[in-house]
Amino acid sequence: MDRLAAMETFVYVVETGSFSAAARRLNIGQPAVSKAIAQLESRLAVRLLLRSTRGLTPTEAGLAFFERAKRAIEESDEADNAARGAASGLTGNLRICAAVTFGRIHIVPHLGRFLEQNPDLNIDLLLDDRNLNLVEEGVDIALRMGALSDSGLTARKIAECRRVVLATPAYFEKHGEPTCPADLCKHQAVVYALGGGANWQFRNANEEQSVIINGRIRVSAAEGLREAVFAHLGLTMASEWMFAPELASGAVREVMTDWTLPNQDLWAVFPTGRMASAKARAFVGYVQGLLVKGA
Amino acid sequence: MTLQAKLDAFKADFKAGKPPYNAPAEIHPIMERATAELIASSAASKALKVGDKAPLFTLKDPDGHPVSSADLVAKGPLVLTFYRGVWCPYCNMELQALQEFLPTLREAGATLVAISPQIAANSRKSVRTNGLEFPILSDTHNEVAHAFGLRFELPDYLIELYKNLRNDLPTFNDDPSWTLPMPARYVIGQDGVIRYAEVNPDYTQRPEPEAMLDAIRG
């Protein structure tokens, strides 16, 4: 194995914490990874990894090697790009991760133009409502909503959107229309388990009032939440992003417009420790352009 | 005898391994560790305080009738007590003390409700065995407790202990999450603002019912 390939293997092992995960990322067998690391350690005559029952951790020497090896790989990628001379420099595969509904409504329909602008780029779009492990999945850029729990990530807020209370006109016809937070106690809600749960915090010019909403249905994914609302099962609180087509068509209607809820934030999240690649930065800029225009 | 004196006497018997619990000595350091860690986490300092607006809620009483906090507050000061469940002897002693205090509360125009994650059948049992004349409302998933900043997740080692003691909270509360509210007592004024708040991360410590009289009388 050449020196750069060995470095790359080592970097993946440290980032994923296991030989098998690194092997999956590199698309080679696990024995090949173990062998490459063993050869590397024997060539350098220094122990790079501590193997324990809890997994692999780099030694002090391993950590120092990791930092420099990573930089060397990035430099080498840049050199490749420069040599290829692509004007935009955007080539290869861009692995993006986003929530299912957000991706379906706001990203997928607009990918065409981004691909046209970057003819040498391919996109791998991972749609998942859960927060995937970016390093393990080899993700370049994730679009995430809400509060970020993992403080080890590099993140930048790129847009925000109003949250609203909404339901179908048929629901309001049957159950009446709430006008203030106290009215919500008489309503049935569909609760989005990932979206802040049953505690809705309202504010108007004069006061703040939170309500613990009654929800006989809790849904863990936005697709299910949307279908429950369309089936007139209750009202819900959601970002305008989640119901953008239906708010526009009138299939669902916003109520309690005198009150505001905390905004939904959208974050661009990059895997820890790795410099955001030029293609990831370009994609974030493109998405930001879409959302600011209100697409 | 004050409520706290009763709790202290019970705690001494419990730790001495006396009946009816005959608690084995090795469980106490585990329970005390969990309490010490909950106190150290300063979770209680994040709970709602005097001057905060109380969240509105509607919960069902043990007979399935919805009870709305907005309706109760419209009638007078509302006293809430967050109750871990009928399995907790300290919590039952607190409810008994509040029951004794109920005539004074009513005279002052206040309403009292307990809020608990346990299922209605367990609340009916508690109302019966503790002789209560106020309802225990079912707070499924501890949503209301969470809105007040009281919900916490039990640490793994305490879950282990509870399982060994056959204190199966997932069945008891019909919720797989192993969460509980910190015991707490609140008085909410007719303007919806919290007038009295006492949160007890150490479940063996509870305020005397009389401590909230000034807040109730406004």
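Predicted model: local features only at pLDDT ≥ 70, side-chain atom pairs only at ≥ 80, totals over all residues.
Local features need pLDDT of at least 70 and side-chain atom pairs count only at pLDDT 80 or more, while totals for chains, interfaces and linings use all residues, and side-chain values use heavy atoms, with hydrogens and water left out. Residues are numbered from 1 along each chain as its sequence is written, with chains lettered from A and ligands numbered from 1 in the order in which they are written.

Trainee: How many residues of chain A are in contact with chain B?

Mentor: Contact here means heavy atoms within 4.5 Å. Chain B brings twelve residues to the contact, and its partner chain A brings 14 residues.

Trainee: What area do chain B and chain A bury between them?

Mentor: The size of an interface is often given as the accessible area lost when the parts come together. Buried area is taken with a 1.4 Å probe and summed over both parts. On carbon and sulfur atoms lies 51% of it, and the total for chain B and chain A is about 1,100 Å².

Trainee: Which residue of chain A meets B:Glu143 in a salt bridge?

Mentor: A salt bridge is a side-chain nitrogen of Lys or Arg within 4 Å of a carboxyl oxygen of Asp or Glu. Between chain B and chain A the count is two salt bridges. In the one with B:Glu143, N to O is 2.4 Å, and the partner is A:Arg218.

Trainee: Which strand of chain A pairs with S1(B)?

Mentor: Helices (H or I, at least four residues) and strands (E, at least two) are DSSP runs, numbered from the N terminus, and two strands pair if DSSP finds at least two bridges between them. Here the pairing is in the parallel sense over two bridges. B:Phe57 in S1(B) stands opposite A:Ile212. The strand of chain A is S10 (residues 208–212).

Trainee: How far apart are the C-alpha centres of domain 2 and domain 3 of chain A?

Mentor: The bounds come from an automatic or database domain assignment. For chain A it gives domain 1 (3–84), domain 2 (92–158 + 265–292) and domain 3 (163–262). The C-alpha centres of domain 2 and domain 3 of chain A lie apart by 28 Å.

Trainee: Which helix gives the largest share of the side of domain 2 of chain A that touches domain 3 of chain A?

Mentor: Domain 2 and domain 3 of chain A bury about 790 Å² between them, 63% of it on carbon and sulfur atoms. Across this interface the rule finds one salt bridge, and A:Glu223 forms a salt bridge with A:Arg104, with the closest N and O atoms 3.2 Å apart. The largest share of the domain 2 side is six residues, and they come from helix H5 (residues 100–107) of chain A.

Trainee: How many residues lie in the hairpin between S1(A) and S2(A)?

Mentor: Strands S1 (residues 49–52) and S2 (residues 55–58) of chain A run antiparallel and are joined by four bridges. A:Ser52 stands opposite A:Gly55 in S2(A). The hairpin joins S1(A) to S2(A) through two residues.

Trainee: Which residue forms a salt bridge with A:Arg25?

Mentor: Over all chains the count comes to 21 salt bridges. In the one with A:Arg25, the closest N and O atoms are 3.8 Å apart, and the partner is A:Glu15.

Conventions
Buried area = accessible area lost by both parts, 1.4 Å probe.
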